[in-house]
Amino acid sequence: MQILDGKEVAAFHRDRVERKLADLLEDNIHPELAILCIGNDKPSAMYAKSMQRLAQATGLTAEIYGKDVAMREDDIISMIEYFNEKKSIYGILPMMPLPGNYNASRIINCIDPAKDVDGLTDTNIAHLCTGRSGFVPCTPRAVIAVLEYYHISLTGKEVVIIGRSNVVGKPLAQLCLNRNATVTHCHTRTRDLQAETRRADILIAAAGRAGLIRGDMVKPGAVVIDVGINRIDGKTVGDVVYDEVANVAGAVTPVPGGIGSVTTMMMLENVVCGQTLTD
Ligand code: NAD
């Protein structure tokens, strides 16, 4: 069984980010990532901080904007419009979900698609679906980056994805489809999850349910990608029961040290290297 090591994949991409950043700095271009953190959601604040730390460690300027008290929706939009205009800002990253009292779609779609580094705007989603270049959400990109790093082709494969969120499951299905996989999408209303997962050559769990994927749900030799991040008894675990699945699968991503490690690097790559082809 092969461990698909996210840290190794992240290091590979970090090298690319640092080289590109060095070129930009040499040309006296100092790109900035604007992280928008609104409200008092603790995980969002922690994610914003860790993203800022990682960005700064690679030499990229990253500022966190926002307040932990309520901001008027129009003030958030004015701030985004300012970021859109400011040349040195290469990427705008809003922490999601936004507090429920805001019209999230209105706010997100104010971001200039050319600075929408997490691929959240309707424009970038449309580009992903029609195979035009644009920004692709970072977690789905991280899954593809891991498969590519380990030379695991998607062409003709049965890919089963558990989860259909707008930021992970749906764009991931599109990326797999664009790479000629046969994609099955599972969710909470799927009638027989095990019957679906057992057909998968590549099984991707993105449900956010610890212990969801047991050994008897995996086809022998399958590649299993665990996107889930769950906190159980102070420990971070994925959706996959690792010890059971490792006995059956051909390859597995661990948690921690898997997709999460690559996701943040994909964000920096989007900021520094720009848009990628979505197909
Ligand atoms: P979400 O809650 O928006 O969506 C979860 C999806 O899983 C839903 O579509 C739901 O239908 C499906 N689902 C839930 N329970 C299920 C079950 N028992 N059977 C079948 N389907 C089920 O979550 P999200 O934002 O898509 O994130 C999914 C997971 O990925 C979470 O654990 C999240 O923390 C993690 N995540 C990881 C990274 C990373 O970098 N590794 C990034 C983003 C999200």
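User: What surrounds the ligand, and which residues are the closest?

Analyst: The ligand is surrounded by 20 residues, and the closest are Thr-139, Arg-164, Ser-165, Ile-229 and Thr-263. A residue is counted as near a molecule if one of its heavy atoms lies within 4 Å of it. This is a predicted model, in which local features need pLDDT of at least 70 and side-chain atom pairs count only at pLDDT 80 or more, while totals for chains, interfaces and linings use all residues. Residues are numbered from 1 along each chain as its sequence is written, and side-chain values use heavy atoms, with hydrogens and water left out.

User: Why is Asp-118 called buried?

Analyst: Buried means under 20% relative accessible area, exposed means over 50%, and partly exposed lies in between, using a 1.4 Å probe and protein chains only. Asp-118 has a relative accessible area of 17%, and therefore it is called buried. Asp-118 is found in the loop between helix H4 (104–108) and H5, where helices (H or I, at least four residues) and strands (E, at least two) are DSSP runs numbered from the N terminus.

User: Which residues does Asp-118 touch, not counting those up to four places away in sequence?

Analyst: With those set aside, Asp-118 touches Leu-93, Pro-137, Cys-138 and Met-267, where contact means heavy atoms within 4.5 Å. The side chain of Asp-118 also reaches the backbone nitrogen of Cys-138 at 2.9 Å. Asp-118 and Met-266 are 148 residues apart in sequence, yet 9.2 Å apart in space, C-alpha to C-alpha.

User: Is His-13 buried or exposed?

Analyst: The relative accessible area of His-13 is 11%, and so His-13 is buried. His-13 is found in helix H1 (residues 6–26), and, apart from residues up to four places away in sequence, it touches Ala-145, Met-265, Met-266 and Glu-269.

User: Why does Gln-52 count as buried?

Analyst: Gln-52 counts as buried because its relative accessibility is 12%. Gln-52 belongs to helix H2 (residues 42–57), and, leaving aside neighbours within four places in sequence, Gln-52 is in contact with Ile-35, Ala-62, Glu-63 and Ile-64.

User: What makes Asn-28 exposed?

Analyst: Asn-28 has a relative accessible area of 61%, and therefore Asn-28 is exposed. Asn-28 is found in the loop between H1 and strand E2 (32–36), and its phi is positive, about 60 degrees, although it is not a glycine.

User: How do you know that H7 is mostly covered?

Analyst: Of the 10 residues of H7, 7 are buried, among them Gly-169, Leu-172 and Gln-174. What covers the buried residues of H7 includes helix H5 (122–130), H6, strand E5 (158–162), strand E6 (182–186) and strand E7 (202–205). H7 is followed by Asn-180, whose phi is positive, near 70 degrees, and Asn-180 is found in the loop between H7 and E6.

User: How do H6 and H7 cross, and which residues make their contact?

Analyst: The axes of helix H6 (residues 138–149) and helix H7 (residues 169–178) come within 8 Å and cross at roughly 40 degrees. The contact is made by Pro-140, Arg-141, Val-143 and Ile-144 of H6 and by Pro-171, Leu-172, Leu-175 and Cys-176 of H7. Axes are lines fitted to C-alpha atoms, for helices over the stretch in contact, and angles run from 0 to 180 degrees between N-to-C directions.

User: Where are the cis peptide bonds?

Analyst: A cis peptide bond joins Met-96 and Pro-97, with omega about 0 degrees, and Pro-97 has its place in the loop between strand E4 (89–94) and H4. A cis peptide bond also joins Val-255 and Pro-256, where omega is about 0 degrees, and Pro-256 is found in the loop between strand E11 (251–252) and helix H10 (259–273).

Terms used
A polar contact is a pair of N or O atoms within 3.5 Å; within protein, one must be able to donate a hydrogen and the other to accept it, and residues adjacent in sequence count only if both atoms are side-chain atoms.
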